[in-house]
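The model is predicted.

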Amino acid sequence: MRFTSRTSSDGVSEQLFILGEIPGVLWTPDGATGPRPLILLGHGGGQHKKAPDIVVRARRFVSECGFAVVAVDVPGHGDRPMEETYHRIATENQARVEAGEDLAPLIAAFQGLVARQTVPEWRAVLDAIQDVAYVGAGPVGYWGVSLGCGLGVPFIAEEPRVRAAVLGLGGAAASAEAAARITIPVEFLVQWDDERVPRAQSLALFDALASAEKTLHANPGKHGDVPAFELDSTLRFFGRHLG
């Protein structure tokens, strides 16, 4: 892993890095020493590691909880080159939806394909970040909705270091099998009027999670209308489970 830049504001340090071909960003408290909890943020489709909502969450985790936070660009997003295969499939899916096909199974198949690449990538990122002295091998949490959920569920199912997760805006068609192997505490977000993921699919994914502790947060509105106050709940959730 190679750090390429460092900036600081309001007590939060932000470092860009490259790990192989993976561009990422690490946020930590200024002057941090010793191990601390780490949150991996999974961005949504069409976004990137420094999308505004990702940055807001990262800075609050750091400034209010003292956590470290990492986010990376998934294939075909942000500073990564266009992936010909993924771009072709996305273009074909758009045409199929315009022709009248159901969007949800197309999203599920696409996310399943991308997850085969991102799961080992994210595990490698965790390895590298936890070798940083002021992060260390502390407890790990995961936050991701929409694409971040579709890619996050198979990642969490494979990664024993993740102790708690906030997921949502995803459906069972994409990841029910992997969800059945997840036993950590989960907070799950559903938008009741989601136009991209049918409500029944979201509820089925929540039901598929094998976690003894899981909480469903359902709010009215469409896919992108998650209330801002859910971030406050997210901070409390990770504070309880990661210390």
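**Aromatic rings**

Begin with a cluster: ring pairs link Phe61, Phe67, Phe237 and Phe238. In total, the structure holds eight aromatic pairs.

Take the rings of Phe61 and Phe238. Their centres are 5.7 Å apart, and their planes meet at 70°. Edge-to-face pairs have planes over 60 degrees apart, so this pair is edge-to-face. Now place the two residues in the fold. Phe61 lies in helix H1, residues 52-65. Phe238 lies in helix H7, residues 230-242. The pair therefore ties together parts that are 177 residues apart in sequence.

Is Phe61 buried or exposed? The relative accessibility of Phe61 is 0%, so Phe61 counts as buried. Phe238 is buried too, with a relative accessible area of 0%. The cut-off for buried is under 20%.

A second pair brings together Tyr142 and Phe155. Here the ring centres are 5.9 Å apart and the planes are at 50°, so the pair is tilted. Tyr142 sits in strand E6, residues 140-145. Phe155 sits in helix H4, residues 147-158. Tyr142 has 0% relative accessibility, so Tyr142 counts as buried. Phe155 also has 0% relative accessibility and counts as buried.

Finally, turn to a charge over a ring. Lys214 lies over the face of Phe206. The distance from Lys214 to the ring centre is 4.9 Å.

Conventions. Residues are numbered from 1 along each chain as its sequence is written. This is a predicted model: local features need pLDDT of at least 70, side-chain atom pairs count only at pLDDT 80 or more; totals for chains, interfaces and linings use all residues. Side-chain values use heavy atoms; hydrogens and water are left out. Rings of Phe, Tyr and Trp (its six-membered ring) pair if their centres lie within 6.5 Å; planes under 30 degrees apart count as stacked, over 60 as edge-to-face and the rest as tilted. Helices (H or I, at least four residues) and strands (E, at least two) are DSSP runs, numbered from the N terminus. Buried means under 20% relative accessible area, exposed over 50%, partly exposed in between (1.4 Å probe, protein chains only). A charge sits over a ring if NZ of Lys or CZ of Arg is within 6 Å of the ring centre and within 35 degrees of the ring normal.
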